[in-house]
Amino acid sequence: MIIKSAEFITSATKASQYPPALLPEIAFAGRSNVGKSSLINTLVNRKHLVKTSRTPGRTQMINFFNINNAMVFVDLPGYGYARVPQAVRKQWGPMIETFLSKRETLKGVVVILDIRRTPKTEDLDLIHWLNHYNIARILVITKADKLSKNRQLNHQAAIIQALAIHKAEVILFSAKTRLGRDAVWNAILSLINIKDDKSA
Ligand SMILES: Nc1nc2c(ncn2[C@@H]2O[C@H](COP(=O)(O)OP(=O)(O)O)[C@@H](O)[C@H]2O)c(=O)[nH]1
Ligand SMILES: [Mg+2]
């Protein structure tokens, strides 16, 4: 995928603050610190379009980015970080659920999981919500570079089992090595019905 432009549009916590729904949207969701910002930056070939952080739980708003004037990437706030104040954590569910249930231009959600962790309640809840609202998902297992090839396979198998899904459904990814970048792009493009014109 050739990236001609990638620009921040706006941040929102409620529907009235969302930008006009004009382009197909792909949202990104996962636990705080899972590597969501790094994944988006890798996809768009920018080091700092989306802030990455060593301190998890900082971004508690929904951030919208215009990509190539062809689609919008939506960075959803990370969940499951204990040090986020209770009041903020309480907002998280309704904020995400409103977005997922009301956004008519949403074409799918990239669900990001850390290869070293078994999916937790929040991950499973998110996947159930997506099923409930009939929203397409792309499952990405990131930070693959943190494990040896052998352990990658074992951990991937454990995650697949915990989620009760098919092996072909997950994409192994690394922001560090860029493993899986093309596969994630292909999955996104097929959800929004855009052909990847490499000559463009
Ligand atoms: N080794 C490695 N580190 C990563 C990868 N993706 C993210 N990280 C690191 O994990 C931390 C959290 O990443 P970030 O993208 O900010 O996570 P977010 O909170 O989910 O947006 C940062 O220190 C990143 O450098 C990856 O694929 N491999
Ligand atoms: Mg982030």
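Colleague: What share of the 200 residues in the chain is made up of buried residues?

Modeller: Buried residues make up 36% of them. Keep in mind that this is a predicted model.

Colleague: How do you know that M95 counts as buried?

Modeller: The cut-off is 20 or more other C-beta atoms within 10 Å. M95 has 20 C-beta neighbours inside 10 Å, so M95 counts as buried. This residue lies in helix α2, residues 86-102. Leaving out residues up to four places away in sequence, M95 touches T13 and I62.

Colleague: How far apart are M95 and E122 in sequence and in space?

Modeller: In sequence they are 27 residues apart, and from C-alpha to C-alpha the distance is 14 Å.

Colleague: What makes the chain agree with a compact globule?

Modeller: For 200 residues, a compact globule would have a radius of gyration near 16 Å; the chain has 16 Å, so the two agree. Along the principal axes, the C-alpha atoms fill a box of roughly 50 × 45 × 35 Å.

Colleague: Which helices and strands does the chain have, and in what pattern?

Modeller: There are five helices and seven strands. Along the sequence they follow the pattern β-β-α-β-β-α-β-α-β-α-β-α. Of the contacts between residues at least 6 apart in sequence, 75% join residues at least 24 apart.

Colleague: Why is helix α1 called largely enclosed?

Modeller: Helix α1 covers residues 36-43, and seven of its eight residues are buried, so the rest of the structure largely encloses it. The buried ones are K36, S37, S38, L39, I40, T42 and L43.

Colleague: What covers the buried residues of α1?

Modeller: The cover includes the strands β2 (25-30), β4 (71-75), β5 (106-114) and β6 (137-142), and also helix α5 (181-192). After α1 comes N45, which has a positive phi, near 60°.

Colleague: Which part of the chain gives the most to the shell around ligand 1?

Modeller: Helix α1 does, with three residues. The ligand is surrounded by 20 residues, and the closest are G35, K36, S37, S38 and T52. By type, the shell divides into three nonpolar, eleven polar and six charged residues.

Colleague: Why is β2 called largely enclosed?

Modeller: Six of the six residues of β2 are buried, so this strand is largely enclosed by the rest of the structure. Both of its faces are covered: one side holds E25, A27 and A29, the other I26, F28 and G30, and all are buried.

Colleague: How do you know that β2 pairs with β4 and with β5?

Modeller: Pairing needs at least two bridges between the strands. Four bridges join β2 to β4, and these strands run parallel. Six bridges join β2 to β5, also parallel. Both counts reach the cut-off, so β2 pairs with β4 and with β5.

Colleague: Which residues have the most contacts inside the largest nonpolar core?

Modeller: They are F28, V111 and V140, in a core of 44 residues. Strand β5 gives the most to this core, with six residues. In soluble globular proteins, nonpolar side chains tend to be buried together.

Colleague: What does V140 touch?

Modeller: Not counting residues up to four places away in sequence, V140 touches L39, V110, V111, I112, I171, F173 and V184. One of these, L39, is a buried residue of α1.

How values were computed. Residues are numbered from 1 along each chain as its sequence is written. Chains are lettered from A and ligands numbered from 1 in the order in which they are written. This is a predicted model: local features need pLDDT of at least 70, side-chain atom pairs count only at pLDDT 80 or more; totals for chains, interfaces and linings use all residues. A residue is buried if 20 or more other C-beta atoms lie within 10 Å of its own, exposed if 12 or fewer, and partly exposed in between; C-beta atoms are placed from the backbone. Helices (H or I, at least four residues) and strands (E, at least two) are DSSP runs, numbered from the N terminus. Two residues are in contact if their C-beta atoms, placed from the backbone, lie within 7 Å. A residue is near a molecule or strand if its C-beta atom, placed from the backbone, lies within 6 Å of it. Ala, Val, Leu, Ile, Met, Phe, Trp, Tyr, Cys and Pro count as nonpolar, Asp, Glu, Lys and Arg as charged, and the others, Gly among them, as polar. The radius of gyration is taken over C-alpha atoms; the globule rule is 2.2 Å times the number of residues to the power 0.38. A nonpolar core is a set of buried Ala, Val, Leu, Ile, Met, Phe, Trp, Tyr and Cys residues joined through C-beta atoms within 7 Å.
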